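I opened this structure to look up a few things and keep notes. My entries follow, in the order I worked.

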Amino acid sequence: PPVNHVKVNVDAHVGNNRVVGLGVVIWDHCGKTQVSAVYKIVASWKAEVVEARAALYGIQVALRLGYPRMVLESDSIQVRTTIMKEARGHPQFSYFLMKLGN
């Protein structure tokens, strides 16, 4: 990421019995890992909603730790596209992404 920014890499996994795992790794501009975190929840979400929730989780972790300038990295094309279009896509994506302001 650029100087004074961090890269927030997020991923998600849906396991057995509706167990959803959310993960985030945050790197500084030198490539040094600053933090990694995981969160487990039981939910009946579609895959694209799980990916959106991972993005939200990653952004929330970065903000809580004092990193307001970030580059979000996700393997979900729909998450990246929706964020770039200011959450005007899928209603469930918009809901999770709007939670950032709360």
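**Entry 1: the strand pair I started from**

I began with Val8, which stands opposite Leu72 in E4. I note that the model is predicted: local features need pLDDT of at least 70, side-chain atom pairs count only at pLDDT 80 or more, and totals for chains, interfaces and linings use all residues. Residues are numbered from 1 along each chain as its sequence is written, and side-chain values use heavy atoms, with hydrogens and water left out.

I looked up how the elements are named. Helices (H or I, at least four residues) and strands (E, at least two) are DSSP runs, numbered from the N terminus. Two strands pair if DSSP finds at least two bridges between them.

Strand E1 covers residues 6-14 and runs parallel to E4, with 5 bridges joining the two. I looked up another bridge here: Val10 has Ser74 in E4 as its partner.

**Entry 2: the whole sheet**

In what order do the strands of the open sheet lie? I read E3-E2-E1-E4, 4 strands with mixed pairing. Strand E3 (33-42) and strand E4 (70-74) are at the edges with a single partner strand each, so one side of each has no neighbour in the sheet. On average, neighbouring strands are turned by 20° against each other, direction ignored. For angles, axes are lines fitted to C-alpha atoms, for helices over the stretch in contact, and angles run from 0 to 180 degrees between N-to-C directions.

I then looked up E1 and E2. They pair in the antiparallel sense over 8 bridges. One residue I checked there is Lys7, whose bridge partner in E2 is Trp27.

**Entry 3: the hairpin and positive phi**

E1 and E2 form a hairpin with 4 residues between them. In the turn, Asn17 has a positive phi of about 55°. Arg18 lies in the loop between E1 and E2. Arg18 also has a positive phi, about 65°, although it is not a glycine. I marked these values because most residues other than glycine have a negative phi.

Is Arg18 buried, partly exposed or exposed? Its relative accessibility is 47%, so Arg18 counts as partly exposed. The cut-offs are under 20% relative accessible area for buried and over 50% for exposed, with partly exposed in between (1.4 Å probe, protein chains only).

Asn4 is another non-glycine residue with a positive phi, about 70°. I found Asn4 in the segment before E1. At 58% relative accessibility, Asn4 counts as exposed.

**Entry 4: the salt bridge**

How many salt bridges does the count give? The count comes to 1. The rule asks for a side-chain nitrogen of Lys or Arg within 4 Å of a carboxyl oxygen of Asp or Glu. Glu73 forms the salt bridge with Lys7, and the closest N and O atoms are 3.1 Å apart. The pair links distant parts of the chain: Glu73 is in strand E4, Lys7 is in strand E1, and they are 66 residues apart. Glu73 is partly exposed at 32% relative accessibility, and Lys7 is partly exposed at 24%.

**Entry 5: Ser74**

Ser74 is found in strand E4. Its relative accessibility is 5%, so Ser74 counts as buried. The side chain of Ser74 reaches the backbone nitrogen of Ser76 at 3.1 Å. I then listed contacts, meaning heavy atoms within 4.5 Å. Leaving aside neighbours within four places in sequence, Ser74 is in contact with Val10, Glu51, Val79 and Arg80.

**Entry 6: Pro68**

Where is Pro68 found? I located Pro68 in the loop between H1 and E4. At 63% relative accessibility, Pro68 counts as exposed. Pro68 and His5 are 63 residues apart in sequence and 7.9 Å apart in space, C-alpha to C-alpha.

**Entry 7: the chain overall**

The chain has 3 helices and 4 strands. From the N terminus on, I read the elements as β-β-β-α-β-α-α. Of the 102 residues, 33% are buried. Among contacts between residues at least 6 apart in sequence, 50% join residues at least 24 apart.

Technical notes. Polar contact = N/O pair within 3.5 Å; in protein donor to acceptor, adjacent residues only side chain to side chain.
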